Amino acid sequence: MSAQGLPAHILALFTPRPPPQHLPPQVERPPVKLTGCAEYVEFFSTDKPPKREPWESPKERKERRHREKLDAHKKELEELIKKYDPHKDANAVGDPFKTLFVARISYDTTEKKLKREFEVFGSIKKVRMIYDTKGKPRGYAFVEYEHERDLKNAYKQGDGKKIDGRRVMVDVERGRTVEGWLPRRLGGGRGPGRVGKASKKKVTGKVDKEDRDRDRDRDRDRRRDKEDEKVDEKKKSSKDEKREKDRGGDRERDRDREKDKEKEKEKDKAKDKDKDK
């Protein structure tokens with residue numbers, strides 16, 4: 001193929017490259033004579049090396065801070081436990097042997113609703129809901145009955161009662177009746193406290209009595225919830241069936257009325273014909 005007729009910038013692509021530049025050979029340098037460090041030994045320091053600062057890994061730092069928080073929390077708890085005296089509480093009034101402790105209450109439950117739910121066990125003298133500094137409910141209350149037998153009935157039958165979608169836990173007031181009793185916020189109460197300790201099941205793989213009781217209560221609440229759901233479904237189905245029956249009865253009544261109207265129309269037509277005759 002001839003290259004005639006091609007533009008110059010196309011022909012430039014086919015031009016040969018210039019030959020590589022010739023460089024003279026590199027001059028070999030004489031090797032450097034290396035000597036030992038013996039001549040520099042006299043300049044070495046004879047002092048003891050400084051102590052090595054221990055390096056703390058991120059995991060160790062996290063564990064150390066966690067331990068410090070736990071220690072500070074324990075000291076704070078010890079001070080609060082020393083100051084704790086339920087007999088000097090101005091809000092704790094009434095007979096402690098007639099007072100019922102109700103926990104796990106829904107935040108939407110009011111004192112009136114709680115009183116109405118627990119009045120089935122006996123006459124109530126006073127209901128005291130516990131609120132925080134901002135005026136929000138803390139989820140537990142104290143119910144004082146008129147008679148001690150009513151308290152016993154509520155203690156036996158009121159545990160697990162469903163109020164506003166939550167099952168409550170009841171217990172007798174132990175702060176003023178049991179010596180050495182501590183609330184849960186101070187590491188006491190029923191079940192593991194909030195001291196920050198890991199559960200025994202996580203540490204040793206074993207389950208202690210408190211864990212068993214808590215699991216048993218949770219399973220019992222689940223069973224009760226399932227039973228309540230079944231009862232609600234039965235009630236709903238019965239209501240639906242009743243509604244369908246009522247609708248069927250209404251349809252039959254409407255048909256009967258239409259038939260009666262048709263019969264009346266036929267009678268009126270027959271009367272009109274007789275009059276015309």
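With which residue does Asp 171 form a salt bridge, and how far apart are the closest N and O atoms?

Analyst: Asp 171 forms a salt bridge with Arg 174, and the closest N and O atoms of the pair are 2.6 Å apart; a salt bridge here is a side-chain nitrogen of Lys or Arg within 4 Å of a carboxyl oxygen of Asp or Glu. This is a predicted model, in which local features need pLDDT of at least 70 and side-chain atom pairs count only at pLDDT 80 or more, while totals for chains, interfaces and linings use all residues. Residues are numbered from 1 along each chain as its sequence is written, and side-chain values use heavy atoms, with hydrogens and water left out.

Side chains of opposite charge can pair when their charged atoms come close.

A search of the whole structure finds seven salt bridges, and another of them joins Arg 64 to Glu 68, with the closest N and O atoms 3.1 Å apart. Both of these residues lie in helix H2, four residues apart, which is about one turn of the helix; helices are DSSP runs of H or I with at least four residues, strands are runs of E with at least two, and both are numbered from the N terminus. Arg 64 is partly exposed at 29% relative accessible area, and Glu 68 is partly exposed at 45%. The pair also belongs to a network of salt bridges that links Glu 56, Arg 64 and Glu 68. A further salt bridge brings together the side chains of Lys 88 and Asp 85, at 4.0 Å from N to O; Lys 88 is exposed, with a relative accessible area of 71%, while Asp 85 is partly exposed at 29%.

Most residues other than glycine have a negative phi. Arg 104, however, has a positive phi near 60°, and this residue sits in the loop between strand S1 (99–103) and helix H3 (111–118), where it counts as partly exposed because its relative accessibility is 34%. Asp 164, also not a glycine, has a positive phi of about 55°; its place is in the loop between strand S4 (162–163) and strand S5 (166–167), and its relative accessible area of 35% makes it partly exposed.

The surface also carries a nonpolar patch formed by Tyr 40, Val 41, Phe 43 and Phe 44, with about 480 Å² of accessible area together. Patches are made of residues with over 30% relative accessible area and no salt bridge, nonpolar side chains (Val, Leu, Ile, Met, Phe, Trp, Tyr) being joined within 5 Å and like charges within 9 Å; the areas come from the Shrake-Rupley method with a 1.4 Å probe.

Technical notes: Buried < 20%, exposed > 50% of the residue type's maximum accessible area, 1.4 Å probe, protein only.
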